[in-house]
Amino acid sequence: AGAVVVLAPASGTAGGELRRAVEDTGAEVVVVLAVAGSVDGVPTGRGLAGEPRVVELGDLAEVQVVAGAATAVTLDPATAEDAVARLTAAVHGVRRVDVTDGVGGAVHAEQVLASTRALLAADGSLVTALVGRGAPPDLGDRLVEGLAASHPAVDVVVLATGAEGPGVEVGVE
């Protein structure tokens with residue numbers, strides 16, 4: 001989809017790295033999907049004099065960035081404005097919850113499952129769970145099995161984040 005991932009350095013925010021990535025795309029329009037607090041100084045190109053027009057969708061949760069990247073893969077828009085509108089709708093259409101309480105095996109997995117079912121009460125066809133390294137190793141399997149029993153038509157994607165801690169961020173689209 002032409003996506004470029006820019007990781008925030010250990011100092012906490014990406015600045016120069018992001019500006020370089022935007023310049024290197026060679027695209028006329030660049031959409032920046034930024035996790036809250038990870039970007040310092042999004043380039044403000046307006047598409048003049050050969051610079052790309054930059055659209056920032058910022059202050060996002062990680063699961064919203066994942067949804068935006070997945071949407072970008074499927075885009076075949078007629079115009080750049082259409083692509084931006086569809087990405088914006090996808091990102092802001094994600095209902096999400098962070099589950100950090102109840103760490104410890106089955107209790108944590110049940111809290112993730114219950115929180116996900118609560119999000120699905122308002123409908124949805126795709127669940128994305130971003131799982132930290134400290135979460136129980138079988139948490140993803142428990143979530144998939146539990147949702148298969150209660151919501152068999154829902155697709156479930158479980159991704160390990162590599163982040164410290166047991167946190168799980170769940171998004172429903």
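**View 1. Strand β6 is mostly covered, with 5 of its 5 residues buried.** Buried denotes a relative accessible area under 20%, exposed one over 50%, and partly exposed anything in between, computed with a 1.4 Å probe on protein chains only. The model is predicted, so that local features need pLDDT of at least 70 and side-chain atom pairs count only at pLDDT 80 or more, whereas totals for chains, interfaces and linings use all residues. Residues are numbered from 1 along each chain as its sequence is written, and side-chain values use heavy atoms, with hydrogens and water left out. Strands are DSSP runs of E with at least two residues and helices are runs of H or I with at least four, both numbered from the N terminus. From β6, Val168, Val170 and Val172 point one way, while Glu169 and Gly171 point the other way, and all of them are buried.

**View 2. An open sheet of 4 strands has the order β3-β6-β4-β5, with mixed pairing.** Here two strands pair if DSSP finds at least two bridges between them. The edges are formed by β3 (95-99) and β5 (155-160), each of which pairs on one side only, and the twist from one strand to the next averages 15 degrees. Strands β3 and β6 are antiparallel and share 5 bridges, with Asp98 standing opposite Glu169 in β6. Strands β4 and β6 likewise run antiparallel and are joined by 5 bridges, and in this pair Thr128 stands opposite Gly171 of β6. By contrast, β4 (residues 126-131) and β5 run parallel and are joined by 6 bridges; Val127 has Val156 of β5 as its bridge partner.

**View 3. Helix α4 packs on the sheet, touching β3, β4 and β6 (168-172).** The direction of α4 makes about 165 degrees with that of β3, where axes are lines fitted to C-alpha atoms, for helices over the stretch in contact, and angles run from 0 to 180 degrees between N-to-C directions. Thr116 belongs to helix α4 (residues 106-120) and counts as buried because its relative accessible area is 0%. Apart from its neighbours within four places in sequence, Thr116 is in contact, meaning heavy atoms within 4.5 Å, with Val127, Leu143, Leu147 and Val170. Gln111 is also located in helix α4, but at 30% relative accessibility this residue counts as partly exposed. Between Gln111 and Glu28 the C-alpha to C-alpha separation is 44 Å in space, and the two are 83 residues apart in sequence.

**View 4. Helix α5 (residues 139-150) lies across β4, β5 and β6.**

**View 5. Helices α2 (residues 62-74) and α3 (residues 80-92) cross at roughly 145 degrees, their axes coming within 8 Å.** The contact involves Gln64, Gly68, Thr71, Ala72 and Thr74 on the α2 side, and Arg86, Leu87, Ala90, Val91 and His92 on the α3 side. Sorted by class, this contact comprises 4 nonpolar, 5 polar and 1 charged residues, where Ala, Val, Leu, Ile, Met, Phe, Trp, Tyr, Cys and Pro count as nonpolar, Asp, Glu, Lys and Arg as charged, and the others, Gly among them, as polar. The crossing of α2 and α3 is right-handed, that is, the near helix is turned clockwise from the far one by less than a right angle, anticlockwise being left-handed.

**View 6. Thr79 is placed in the loop between α2 and α3.** With a relative accessibility of 38%, Thr79 counts as partly exposed. A polar atom of the Thr79 side chain lies 3.0 Å from the backbone nitrogen of Asp82.

**View 7. Strand β1 (residues 29-35) has alternating side chains.** Strand β1 runs parallel to β2 (residues 53-60), to which 6 bridges join it, and Leu33 stands opposite Leu57 of β2.

**View 8. The whole protein, shown for context, contains 5 helices and 6 strands.** Along the sequence these elements follow the pattern α-β-β-α-α-β-α-β-α-β-β. Taken along the principal axes, the C-alpha atoms fill a box of roughly 55 × 40 × 20 Å, and buried residues make up 33% of the 173 residues. Among contacts with a separation of 6 or more, 73% are between residues 24 or more positions apart.

Notes: A polar contact is a pair of N or O atoms within 3.5 Å; within protein, one must be able to donate a hydrogen and the other to accept it, and residues adjacent in sequence count only if both atoms are side-chain atoms.
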